[in-house]
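The sequence and the model come next.

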Amino acid sequence: MLFKDRTAAGQVLASKLADYANCPDVLVLALPRGGVPVAFEIAQALNAPLDVLVVRKLGVPDNPELAMGAIASGGVRIINQQVVNDINISEEVIARVAAQEQRELERRESMYRGDEPFPELTGRKVILVDDGLATGATMWAAVIAVRQKNPQEIVIAVPVAALETYQQLQTKVEKMVCITTPSQFYSVGMWYEDFPQTTDAEVRELLKKASNLVNSH
């Protein structure tokens with residue numbers, strides 16, 4: 001299964017989430033940056049507001065793609081004990097990487113949201129969107145961050161997820177919508193024809209566009 005790009009993947013996902021269209025209590029929360037173009041299509045199709053939940057992977061220092069954990073807005077920090085034990089990573093190293101990623105998280109928060117407060121989630125149906133899940137560390141941090149804010153329901157919506165990650169996360173939320181769960185996963189980018197880095201400027205542009213669309217309804 002190959003998606004043309006994130007926009008196309010978002011459109012396919014949106015069709016699977018039609019039950020949530022035009023519900024006043026639905027909020028689409030994207031994990032920036034790659035999750036935003038996917039989530040924009042979903043928010044548009046469902047006529048729902050779009051916002052971002054900034055999460056950062058804590059990468060292993062000499063293998064940054066490998067997640068030893070993740071942090072999310074609201075002071076959430078999770079550690080993948082297995083990775084930490086396998087590679088024998090010290091508490092100092094974890095703290096250093098976490099501090100570095102915390103700075104980036106705050107930079108993105110202010111860049112994407114400015115002075116806008118984080119949306120109220122109590123009693124809402126929150127659809128968490130990313131462009132794909134490898135280890136699922138950042139999505140798991142996002143779920144914990146959202147769960148703390150008492151939503152009515154958490155839905156994870158992703159175009160592609162590694163099978164094992166899908167099985168683990170599926171049990172943590174009310175609903176998980178995923179188009180394809182390959183057992184041979186390799187990387188998120190492999191499942192897209194066109195997979196450029198999403199830029200900060202694109203994220204801001206899409207958030208602005210989404211907000212204008214909601215306000216015009």
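Two strands pair if DSSP finds at least two bridges between them. Helices (H or I, at least four residues) and strands (E, at least two) are DSSP runs, numbered from the N terminus. The model is predicted, so local features need pLDDT of at least 70 and side-chain atom pairs count only at pLDDT 80 or more, while totals for chains, interfaces and linings use all residues. Residues are numbered from 1 along each chain as its sequence is written, and side-chain values use heavy atoms, with hydrogens and water left out.

**Strand E6 and its partners**

- E6 and strand E7 (residues 153–160) pair in the parallel sense over 5 bridges, and Lys-125 stands opposite Glu-153 in E7.
- Strand E1 (residues 26–30) also pairs with E6 in the parallel sense, over 5 bridges; Ile-127 in E6 is the bridge partner of Val-28.
- E6, helix H5 (residues 137–147) and E7 make a right-handed β-α-β unit. Right-handed means that, with the strands pointing away from the viewer, the path from the first strand over the helix to the second runs clockwise.
- In strand E6 (residues 125–129), 5 of its 5 residues are buried (under 20% relative accessible area; exposed is over 50%, partly exposed in between; 1.4 Å probe, protein chains only).
- Lys-125, Ile-127 and Val-129 are buried on one side of E6, and Val-126 and Leu-128 on the other.

**Ile-42 in helix H2**

- Ile-42 belongs to helix H2 (residues 35–46) and is buried, with a relative accessible area of 0%.
- Leaving aside residues up to four places away in sequence, Ile-42 touches Gly-10, Leu-13, Ala-14, Leu-17, Val-28, Val-129 and Ala-157 (contact: heavy atoms within 4.5 Å).
- Ala-21 is 21 residues from Ile-42 in sequence, with a C-alpha to C-alpha distance of 9.4 Å.

**Aromatic rings and charges**

- Rings of Phe, Tyr and Trp (its six-membered ring) pair if their centres lie within 6.5 Å; planes under 30 degrees apart count as stacked, over 60 as edge-to-face and the rest as tilted. The count by this rule is 2 aromatic pairs.
- The ring centres of Phe-3 and Tyr-192 are 5.6 Å apart and the planes are at 40°, so this pair is tilted.
- Phe-3 lies in the segment before helix H1 (6–16) and Tyr-192 in the loop between strand E8 (175–180) and helix H7 (200–216), 189 residues apart.
- Phe-3 is buried at a relative accessible area of 2%, and Tyr-192 is buried at 5%.
- Phe-3, Tyr-192 and Phe-195 form one aromatic cluster.
- Arg-6 lies over the face of Phe-195, at 4.1 Å from the ring centre (NZ of Lys or CZ of Arg within 6 Å of the ring centre and within 35 degrees of the ring normal).
- Lys-172 lies over the face of Trp-140, at 5.1 Å from the ring centre.
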